[in-house]
Amino acid sequence: MIEVKNVTKSFGDFTAVEDISFTVGDSSIYGLIGYNGAGKTTLLKTAAGIYRPDSGKVLLDGENAYDNGEIRQGLFYIPDDMYFMANSTVESMANFYKGMFSGFDTELFERILSLFSLNKRARLRSFSKGMKRQAEIAFALSSRPDFMLLDEVFDGLDPQKKETCKNLFLEYIAETKCSVIISSHSLSDLGGICDHVGLVNGKRLTFSCSIDDIPTVNRKFQIIFSSTVKKEVLAALPVKKLQVQGNGASFHVLGADNLKRVQQAMQTLPVVDVRPSAMTLEEVFLSEMEGEGYDLQQIFTK
């Protein structure tokens with residue numbers, strides 16, 4: 001289990017992440033989504049024990065991750081910016097990881113290399129970005145970690161290889177109790193693999209939910225009123241994407257608590273017809289990021 005508890009990390013006057021909390025259970029994959037620069041990498045490096053949090057803590061099976069070499073022997077971190085030793089081959093890097101992880105599974109490593117058609121005697125510097133990703137995934141899974149932290153791990157992979165890697169991760173956690181955090185700015189990369197997802201926006205975790213709960217606690221509404229309702233009345237409610245036209249309105253509601261508040265408020269308004277519908281993860285993401293877009297018309301205006 002990975003527990004992120006009220007973690008804040010700053011660099012000088014710049015706060016990268018602030019008061020973030022979530023839990024990743026055994027045999028679970030938690031997806032962190034957010035735009036580039038949202039703080040996902042800082043959070044993963046803090047969870048890996050590379051950075052000391054300014055406040056809060058990260059626990060790996062109840063043990064503090066920072067400055068704890070013993071518990072971190074069961075953790076594998078794949079950074080977005082991959083690093084390999086100079087002139088190393090796939091085989092020599094595998095030997096390096098064997099020295100770090102006592103449970104390194106050589107037979108599993110050979111099978112994954114064969115699956116990816118990677119030459120173990122080839123130098124990693126000669127590989128494309130996608131091939132380096134595949135090699136790093138082979139190192140990670142063969143090390144048989146209890147915890148994996150994966151930063152943009154599918155970046156550079158073609159669609160077929162992405163699906164292969166997703167299936168490998170799912171098979172691994174089904175066999176073990178491994179807890180996994182995967183960060184990405186691409187929603188499609190997290191589809192079909194995560195059981196929970198969190199959105200990092202403006203250095204905070206602004207949304208966290210089970211994938212199974214997304215359609216039930218996040219709803220779109222189309223409402224018809226018997227008389228005109230002022231937009232200010234609806235805007236005072238916890239809604240997103242609000243549009244009002246005549247006696248009709250449409251909006252999004254995110255989260256169980258907000259949904260309850262809106263449903264209660266509807267009972268006090270002159271509602272004729274209510275048509276709720278489930279939201280997709282993509283719709284939730286766009287609603288939560290409301291106001292974060294760019295005015296493209298201003299780009300070329302002098």
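**Figure 1. Contacts of Asn-119 in the predicted model.** Setting aside residues up to four places away in sequence, Asn-119 touches Val-90 and Phe-127 in this predicted model. Asn-119 belongs to the loop that runs between helix 4 (106-116) and helix 5 (129-142), and the side chain of Asn-119 reaches the backbone nitrogen of Arg-121 at 3.0 Å. The relative accessibility of Asn-119 is 45%, so this residue counts as partly exposed, the class that lies between the limits of 20% and 50%. For orientation within the view, Ala-135 is 16 residues away from Asn-119 in sequence, and the two C-alpha atoms are 9.8 Å apart in space.

**Figure 2. The hairpin of strand 1 and strand 2.** Strand 1 (residues 2-11) and strand 2 (residues 14-24) run antiparallel and are joined by 7 bridges. The two strands form a hairpin with 2 residues between them, and in the turn Gly-12 has a positive phi of about 65°. Two of the pairs can be followed residue by residue: Phe-11 has Phe-14 of strand 2 as its bridge partner, while Ile-2 is partnered in strand 2 by Val-24.

Figure 3. In a sheet, strands pair through backbone hydrogen bonds, and the pairing may be either parallel or antiparallel. Between strand 1 and strand 4 the antiparallel pairing extends over 5 bridges, and within this pairing Val-4 stands opposite Val-58 of strand 4. Strand 4 (residues 55-60) also runs antiparallel to strand 5, to which it is joined by 2 bridges; here Leu-59 stands opposite Asn-64 of strand 5.

**Figure 4. Ser-210 in strand 10.** Ser-210 is found in strand 10, which comprises residues 204-210. A polar atom of the Ser-210 side chain lies 3.2 Å from the backbone nitrogen of Asp-212. Apart from neighbours within four places in sequence, Ser-210 is in contact with Asp-195 and His-196. Because its relative accessibility is 15%, and the limit for a buried residue is under 20%, Ser-210 counts as buried.

**Figure 5. Val-274 in strand 14.** Val-274 lies in strand 14, which covers residues 271-278. Not counting residues up to four places away in sequence, Val-274 touches Phe-221, Gln-222 and Ile-223. With a relative accessible area of 34%, which falls between the limits of 20% and 50%, Val-274 is therefore partly exposed. Ile-2, which has Val-24 as its bridge partner in strand 2, is 272 residues from Val-274 in sequence and 41 Å from it in space, taken from C-alpha to C-alpha.

Figure 6. The secondary structure of the protein chain comes to 11 helices and 14 strands, and the C-alpha trace spans about 75 × 50 × 40 Å along its principal axes. Of the 302 residues in the chain, 47% are buried, and the accessible surface comes to about 15,500 Å², with 47% of that area belonging to carbon and sulfur atoms. Among contacts between residues at least 6 apart in sequence, 70% join residues at least 24 apart. The chain carries 33 positive and 38 negative charges, and the mean positions of these two sets are 4 Å apart.

Technical notes. Residues numbered from 1 in each chain as written. Predicted model: local features only at pLDDT ≥ 70, side-chain atom pairs only at ≥ 80, totals over all residues. Heavy atoms only, no water. Helix = DSSP H or I, 4+ residues; strand = E, 2+ residues; numbered from the N terminus. Buried < 20%, exposed > 50% of the residue type's maximum accessible area, 1.4 Å probe, protein only. Contact = heavy atoms within 4.5 Å. Areas by Shrake-Rupley, 256 points an atom, 1.4 Å probe, with all protein chains shown as cover. Lys, Arg positive; Asp, Glu negative; His and termini not counted. Charge placed at Lys NZ, Arg CZ, Asp CG, Glu CD. Pairing = 2+ DSSP bridges. Polar contact = N/O pair within 3.5 Å; in protein donor to acceptor, adjacent residues only side chain to side chain.
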